[in-house]
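Here is a short briefing on one protein chain. Please keep the sequence and the model in view while reading.

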Amino acid sequence: MAVVFERPKALTEKPFHYCPGCTHGIVHRLVAEVIDELGIRESTVGVAPVGCSVFAYDYFNVDMHEASHGRAPAVATGIKRVLKDKTVFTYQGDGDLASIGMAEIVHAATRGEKITTIFINNAIYGMTGGQMAPTTLIGQKATTAPYGRDPNVAGYPIRVSELLATLDGPAYIARVSVHDVKNIINAKKAIKKAFELQLAGKGFTLVEVLSTCPTNWGMTPKDALDWLEANMIPQYPLGVYKDVTAE
């Protein structure tokens, strides 16, 4: 019998710990499929963050390194500069990347470090219980914003892809989503291109993935997917924000 679907070799057999409906698992699989298809599993190094995906080193069947909170781009920079023949990626959430790690990602991007970042934006702090994140929407409720985010108090959501695309160092910046099959396919294409441009030595690449957090949003998995489409995409439009191959 022909095998038409199986676990990617770049994923271990360890079950994910994520909450039901969380889309981290989908993104993990997409990254693993890309690594397999590019034939780079033996030469890839991943950097795990602090956050819901802190145990990414248990799930990716590649060399992994754990970074301090927000410091994954700095760790990845060191690895890539010393081991230039390796494919290096970070996997980070909006708290790790856009809050404590904002300076790290901005400077890695502006230097054009030849690394790839997979940035998960679910508009809330997941691991620590649902506090407001830099990406939380105006009016969106969180444990630290029980009446909804007020821009007069907390400012406005940060659009990371748009911000980084203004810099000269990045080679590829894209925002995708995984709320339905069509967008999952598009997300994989973006992730693959980001890795391919790293392999070509073009510079820093980042793919922002809009993701759900049903537990902290207080929704069913289905309702969370619908909420993402109706509320997050208008705030965070999907698309390619920088691509050196199109310039």
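Beyond its neighbours within four places in sequence, Val 240 is in contact with Tyr 172, Ile 173 and Ala 174. The model is predicted. Val 240 belongs to strand 7, and Ala 174 stands opposite Val 240 there.

- Is Val 240 buried or exposed? Val 240 counts as exposed, because its relative accessibility is 52% and the cut-off for exposed is over 50%.
- Strand 5 (residues 170-177) and strand 7 are joined by 4 bridges. The two strands run antiparallel.
- Val 240 and Lys 114 are 126 residues apart along the chain. Their C-alpha atoms are separated by 18 Å.

- Strand 3 is mostly covered, with 7 of its 7 residues buried.
- In a regular strand, side chains alternate between the two faces of the sheet.
- Both faces of strand 3 are covered. On one side, Thr 87, Phe 89, Tyr 91 and Gly 93 are buried. On the other, Val 88, Thr 90 and Gln 92 are buried.
- Strand 1 pairs with strand 3 in the parallel sense over 4 bridges. Here Thr 90 of strand 3 is the bridge partner of Val 47.
- Strand 3 also pairs with strand 4 in the parallel sense, over 5 bridges. Thr 90 stands opposite Thr 117 of strand 4.

**Helices on the sheet**

**Aromatic pairs**

- How many aromatic pairs does the structure hold? There are 8.
- Phe 16 and Tyr 59 form an edge-to-face pair. The centres are 4.9 Å apart, with 80° between the planes.
- That pair links distant parts of the chain, 43 residues apart. Phe 16 sits in the segment before helix 1, and Tyr 59 in helix 2 (residues 56-59).
- Phe 16 is partly exposed at 35% relative accessibility. Tyr 59 is buried at 2%.
- Why is the pair of Phe 55 and Tyr 57 edge-to-face? The ring planes stand at 90°, with the centres 6.1 Å apart. The edge-to-face class needs planes over 60 degrees apart.

**Ser 211**

- Where is Ser 211 found? Ser 211 is in the loop between strand 6 and helix 9 (214-217).
- Ser 211 is buried, because its relative accessible area is 1% and buried means under 20%.
- Leaving aside neighbours within four places in sequence, Ser 211 is in contact with Thr 23, His 24, Ile 120, Asn 121, Asn 122, Trp 217, Leu 228 and Met 232.

**Whole chain**

- The secondary structure comes to 10 helices and 7 strands.
- The chain has a radius of gyration of 17 Å. A compact globule of 247 residues would have one near 18 Å, so the two agree.
- The C-alpha trace spans about 50 × 50 × 35 Å along its principal axes.
- Of the 247 residues, 52% count as buried.
- Take the contacts between residues at least 6 apart in sequence: 68% of them join residues at least 24 apart.
- The accessible surface is about 10900 Å². Carbon and sulfur atoms account for 56% of that surface.

Terms used
Residues numbered from 1 in each chain as written. Predicted model: local features only at pLDDT ≥ 70, side-chain atom pairs only at ≥ 80, totals over all residues. Heavy atoms only, no water. Pairing = 2+ DSSP bridges. Buried < 20%, exposed > 50% of the residue type's maximum accessible area, 1.4 Å probe, protein only. Phe/Tyr/Trp six-rings, centres within 6.5 Å; stacked < 30°, edge-to-face > 60°. Contact = heavy atoms within 4.5 Å. Rg over C-alpha atoms; globule rule 2.2 N^0.38 Å. Areas by Shrake-Rupley, 256 points an atom, 1.4 Å probe, with all protein chains shown as cover.
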